[in-house]
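Thanks for coming. I will go through one structure this morning, starting with the backbone and then moving on to packing.

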Amino acid sequence: FYETNGEKRTQPPWAAPAGTEVAQLRLYNSLTRTKETFVPQNGNRVLWYSCGPTVYDASHMGHARSYISFDILRRILKDYFKYDVLYCMNITDIDDKIIKRARQNYLLEQYKKKKPEASQIIQDVLSARGPFQQKLAETTDPDKRQMLERLDAAVAAVLGPLQAAVHSKEHPIHAEVLLESAKDLLADWLDNQFGSQVTENSIFSTLPKYWEGEYHADMAALNVLPPDVLTRVSEYVPEIVDFVKKIVSNGYGYESNGSVYFDTSKFDSSKQHSYGKLVPEAVGDQKALQEGEGDLSISAERLSEKHSPNDFALWKASKPGEPSWDSPWGKGRPGWHIECSAMAGSILGESMDIHGGGFDLRFPHHDNELAQSEAFFENDNWVRYFLHTGHLTIAGCKMSKSLKNFITIKDALANNSARQLRLAFLMHSWKDTLDYSANTMESAVQYEKFMNEFFLNVKDILRCPTDITGQFEKWEAAEMDLNKCFYERKSAVHEALCDNVDTRAAMEEMRALVSQSNTYIASRKSAKLQPNLMLLDSIAAYLTAMLKTFGAIEGAQPIGFPVGGTGQDIDLETTLMPYLKVLSDFRENVRRIAREQKVTELLQLCDVVRDDTLPDLGVRLEDHEGLPTVVKLVDKETLLKEREEKKRMEEEKRKKKEEATRKKQEQEMAKLAKMKIPACEMFLKEADKYSKFDETGFPTHDLEGKEISKGQAKKLRKLYEAQDKLHRDNLQMNQNGS
């Protein structure tokens, strides 16, 4: 109670606002094949494991599809939704593919060191080609068959001429060309003969170590954040052995001939377990299961060791020519699926929030991971949310390293920047197929250009001189409308990110915000009014922050893309702009005086500075009638491309103008020639149409001798009279001229 003038008063009741429903993050969970509300198991902490690369060759755009997409998701969960993410990723450096490739590389190098004669190479290639062509004949997969046919054709193209050259002894023999074309055939042939004799373990570690280094370099070039924890299979063999022992002791594994297999039937019959959670319809797919086991592990002898064809290897007894480690079951090496389970379990424990990988890993790899991990921990929730990135195609075609149809990350970066590649990924759903094509990349390039121009324009506006109070301007209807759009677009971006991290929709909302802002800036400038500095600053800073969150912008600059490379942008722009402004103002004054005094040479020199000199230094000047010149720091390569495009368009314009002038001259000459013909002669030249004429040269009968109809005669009479007038005008012109 409060007493005022003897009266007791109370504060009126207060009611909380009803509020609105707040969007919650939902993720597409492969375990349910639907979008589920994301709820971490432990407060704000997110434990996340992603399958990393099998390092036996160069990383390609298929890898980039997965790693850039997960980098975007990880950044958004961490920096936008503010989750405390522990991100763990593995490197597979023990695997059938690595073993086979390492052996083949080693044997091929040894073969080359012997420097065999051309005749010997031919003989060996012919020997290797026999089993290769048999393999080709047995291949039913159309994509794989096409790849093998290409290899065989390449060998045949070189083999024939080389055989002829050896036989004739007349031409220089380039056997190394055949060796290069047939290296895949030879390597396979040599491996089949001598692979079991390769016993030095270092041979199997050199290859993955090199390609792991290349992988990390590629990820750094793509601005993909390194994992918080990186695990290598070769460093976790003791943990893998212990993991397998526990699965066996829990009753879900069995030893057979020195190998250990997972008993899928025993696991699936347990009340608390279920095999094939991700892709139940694929259980029993022997082709997929054998691909998961690896080329070196699907011999008839190995397959006969299993209780069921659906069982898979936890531990493989090493054969001659394979690396090996000690275990309770004898010398051997880990199976593929167990590697991830043991490493993820060691770091993240009995249950993780998110497990990620490519779409093609769902079965058997991830289903087997789930089964053996839940067999180890005796639980049913090793993974709460399974995220799988979509496939990547190249101009609509399937891409595969095994099919030798792939574009390396280095090749992709030679054509486009890391930011442009990331923008292309952002403009597509992370879980759907992405087509890497010229059109896809052009869309990304145009998006980058669109955003960059906006940032440059805002930075130019913000450089306008004003005192500290002058930056706070009254909001009129235009500012209110733009701010309303700003709020709505921000809300739409948030809803898009909550909806399975839909960056495609978020990027379009950001584009719409820029379009609206550009319209506002243009309207203010056309009215010779200064745009609102604070409002544009807020919009540009928000867009920059979002692109930083997406990993598309590096550096600490508050607005826009970096200038002059990462780490240099703030210093470069802050240092250069005062000098460039002085130069721009001086040039503007020179242009004004040159116009007043009509000094054309000075105006041309000012144009040279704008069009030729400054672009080479990464500076763009934009002249606007009645407004100050706009100064922009832009990537030098971008400016040079713009200059070349401008020259190309000017050249096209010049050619079109010349063509139009030529056509006009031809038309005028044709008209002059026509004016010289008297009306009485015009139809006489058309003997292929008419057979008889009257005394004035007017046609009376057609070519077949039939009299011309009244309707046709009427049309011809109009043409006759028009020509007669044209001819008389010509005569009159000539008389006046003389």
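Where does Val501 lie? Val501 is in the loop between α17 (477–498) and α18 (503–526). Before going further, please keep in mind that this is a predicted model.

Most residues other than glycine have a negative phi, and most peptide bonds are trans. Is Val501 buried or exposed? With a relative accessibility of 1%, Val501 falls under the 20% limit and so counts as buried.

Lys115 also has a positive phi, near 50°, and is likewise a residue other than glycine. Lys115 sits in a loop as well, between α2 (96–113) and α3 (118–138). Its relative accessibility is 70%, and Lys115 therefore counts as exposed.

The next backbone item is a peptide bond. From Phe363 to Pro364 the bond is cis, with omega near 5°. Pro364 is placed in helix α13, residues 362–377.

Now the strands. Strand β5 covers residues 45–50, and five of its six residues are buried, so β5 is largely enclosed by the rest of the structure. Which way does β5 pair with strand β6, parallel or antiparallel? The pairing with β6, residues 84–91, is parallel and runs over six bridges.

On to helix packing. Helix α1, residues 61–80, packs against helix α15, residues 418–426, at an angle of about 75°, and the axes are 10 Å apart. That angle makes α1 roughly perpendicular to α15. By class, this contact has seven nonpolar, one polar and four charged residues. On the α1 side, the residues are Met61, Ala64, Arg65, Ile68, Ser69, Asp71, Ile72 and Arg75. On the α15 side, they meet Leu421, Arg422, Phe425 and Leu426.

Last, the cores. In soluble globular proteins, nonpolar side chains tend to be buried together. How many residues does the largest nonpolar core have here? That core has 115, and the residues with the most contacts inside it are Leu178, Leu543, Leu547 and Phe550. Leaving aside residues up to four places away in sequence, Leu178 touches Ile121, Ile122, Val125, Val155, Val158, Leu159 and Leu162. There is also a second, separate core of 44 residues, which includes Tyr252, Phe312, Trp315 and Ala344.

That is the end of my part.

Key
Residues are numbered from 1 along each chain as its sequence is written. This is a predicted model: local features need pLDDT of at least 70, side-chain atom pairs count only at pLDDT 80 or more; totals for chains, interfaces and linings use all residues. Side-chain values use heavy atoms; hydrogens and water are left out. Axes are lines fitted to C-alpha atoms, for helices over the stretch in contact, and angles run from 0 to 180 degrees between N-to-C directions. Helices (H or I, at least four residues) and strands (E, at least two) are DSSP runs, numbered from the N terminus. Angles under 35 degrees count as roughly parallel, over 145 as roughly antiparallel, 65 to 115 as roughly perpendicular and the rest as oblique. Contact means heavy atoms within 4.5 Å. Ala, Val, Leu, Ile, Met, Phe, Trp, Tyr, Cys and Pro count as nonpolar, Asp, Glu, Lys and Arg as charged, and the others, Gly among them, as polar. A nonpolar core is a set of buried Ala, Val, Leu, Ile, Met, Phe, Trp, Tyr and Cys residues joined through side-chain atoms within 4.5 Å. Buried means under 20% relative accessible area, exposed over 50%, partly exposed in between (1.4 Å probe, protein chains only). Two strands pair if DSSP finds at least two bridges between them.
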